[in-house]
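Reader: I'm new to this structure and would like to learn how to read its charged side chains. Could you walk me through them?

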Amino acid sequence: MRQFTYIAAMRLEPILKANLIKLARAYAVHEGIKMSTVARYIHGTSDIFEKLELGSASLSQRTYDDMVEKLEARWPEGLKRPKLREPFAEAKPKGQMHEAR
């Protein structure tokens, strides 16, 4: 198991936010619904995407995983998933990652 430093975690959050919003937008456009509706489906509140985009809400790895899992459960067959950034490859600061003991 890898252990990330605080710096790596700070680099990870913007990537997770961007990936989640990109997935939600693709779903919303395909279904012809608003982002606030997608937010209610996968988070329980209608304003989470607005808050994430404005920077007034944060996103943990656990919340990201939960929201993506709920979105994937609703994902229409045949709808191509958008290409997402690879968060762990980009978030790793040089020389800052080590194996947990």
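Reader: How many salt bridges does the count come to?

Author: Side chains of opposite charge can pair when their charged atoms come close. The rule here asks for a side-chain nitrogen of Lys or Arg within 4 Å of a carboxyl oxygen of Asp or Glu, and by this rule there are 3 salt bridges. Keep in mind that this is a predicted model, where local features need pLDDT of at least 70 and side-chain atom pairs count only at pLDDT 80 or more, while totals for chains, interfaces and linings use all residues. Residues are numbered from 1 along each chain as its sequence is written, and side-chain values use heavy atoms, leaving out hydrogens and water.

Reader: Which side chain meets Lys-17 in a salt bridge?

Author: That is Glu-13, at 3.8 Å, N to O.

Reader: Is Lys-17 buried or exposed?

Author: Buried means under 20% relative accessible area, exposed over 50%, and partly exposed in between, with a 1.4 Å probe and protein chains only. Lys-17 has 15% relative accessibility, so Lys-17 counts as buried. Glu-13, at 21%, counts as partly exposed.

Reader: What does Arg-25 meet in a salt bridge?

Author: Arg-25 meets Glu-53, at 2.3 Å, N to O. Arg-25 lies in helix α1 and Glu-53 in helix α3 (residues 48–54), so this pair ties together parts that are 28 residues apart in sequence.

Technical notes: Helix = DSSP H or I, 4+ residues; strand = E, 2+ residues; numbered from the N terminus.
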